[in-house]
Amino acid sequence: AQKITQTQPGMFVQEKEAVTLDCTYDTSDQSYGLFWYKQPSSGEMIFLIYQGSYDEQNATEGRYSLNFQKARKSANLVISASQLGDSAMYFCAMRAPYSGGGADGLTFGKGTHLIIQP
Amino acid sequence: DAGVTQSPTHLIKTRGQQVTLRCSPKSGHDTVSWYQQALGQGPQFIFQYYEEEERQRGNFPDRFSGHQFPNYSSELNVNALLLGDSALYLCASGEAGGVWYEQFFGPGTRLTVL
């Protein structure tokens, strides 16, 4: 079974500062993917970044980067130069590839509510 | 190119009733997954459909059932509604033969059970 732990229920950060959202995971799968999603108050789930378990380089997407430490089973999201529009819920998730093609369902953490202050 | 669409946007039901939620996947996608997100929680995986069959299921009772049609669209049915079924229901689509980690979410259906 897979498990995602996000230990920060909420965070307040000053605009333009960098922020790190913590995520640890547990799985017995050798091949898996780690994801971060942003969910604004509107409810839509917006994909931010993906890291494969065999990827040696940390994933980056614009202002988002994923600090992947496989031995520690952690996949922290780093947002550089935070903006007011970054205020939202952030979810860490994981899934494994499915033997028949495609992938398993995502396992999500409980999320971190990030508030960017001007 | 339309993304994942869901209907209705909002729904209010009473305990004991039945509800059907609908999802159309992104063009080119053939798998559909459903998630339940209770207030203040992360989404929980309900089940996944591929080739019109349920191929994986999370820890949800049989009151939750689904269907996938030949055009890959899907329905989620919940029978004998409980107050605890009030949640945002998210649909996500992917491509079984494509990049396995890609999955696109719809805007969700917010169900309120009174």
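Before I begin, a word on terms: helices (H or I, at least four residues) and strands (E, at least two) are DSSP runs, numbered from the N terminus. What we are looking at is a predicted model, in which local features need pLDDT of at least 70 and side-chain atom pairs count only at pLDDT 80 or more, while totals for chains, interfaces and linings use all residues. Residues are numbered from 1 along each chain as its sequence is written, chains are lettered from A and ligands numbered from 1 in the order in which they are written, and side-chain values use heavy atoms, with hydrogens and water left out.

Let me start with chain A. Its secondary structure comes to zero helices and 12 strands. The radius of gyration of chain A, taken over C-alpha atoms, is 14 Å, close to the 13 Å that the globule rule (2.2 Å times the number of residues to the power 0.38) gives for 118 residues, so chain A is as compact as a globular protein of that length. Taken along the principal axes, the C-alpha atoms of chain A fill a box of roughly 45 × 30 × 25 Å. Of its 118 residues, 49% count as buried, where buried means under 20% relative accessible area, exposed over 50%, and partly exposed in between, with a 1.4 Å probe and protein chains only. If we take the contacts in chain A (heavy atoms within 4.5 Å) between residues at least 6 apart in sequence, 55% join residues at least 24 apart.

Where is A:Lys73 found in chain A? A:Lys73 sits in the loop between strand E8 (64-69) and strand E9 (74-79), and with a relative accessible area of 30% this lysine is partly exposed.

Turning to chain B, we find zero helices and 11 strands. The radius of gyration of chain B is 13 Å, close to the 13 Å that the globule rule gives for 114 residues, so this chain too is as compact as a globular protein of its length. The C-alpha trace of chain B spans about 40 × 25 × 25 Å along its principal axes, and buried residues make up 49% of the 114 residues.

In the loop between strand E1 (5-7) and strand E2 (10-13) of chain B lies B:Pro8, and a cis peptide bond, with omega of about -10°, joins B:Ser7 and B:Pro8. In the loop between strand E5 (44-50) and strand E6 (53-57) lies B:Glu52, which is not a glycine and yet has a positive phi of about 65°; B:Glu52 is partly exposed, with a relative accessible area of 44%.

Finally, the interface. The size of an interface is often given as the accessible area lost when the parts come together. Here chain B and chain A bury about 1800 Å² between them, 54% of it on carbon and sulfur atoms, buried area being the accessible area (1.4 Å probe) that two parts lose on being put together, summed over both. Which three residues supply more of the area that chain B buries against chain A than any other three? They are B:Arg55, B:Trp100 and B:Tyr101, which supply 36% of that area. Counted by residues, 20 of chain B are in contact with 24 of chain A.
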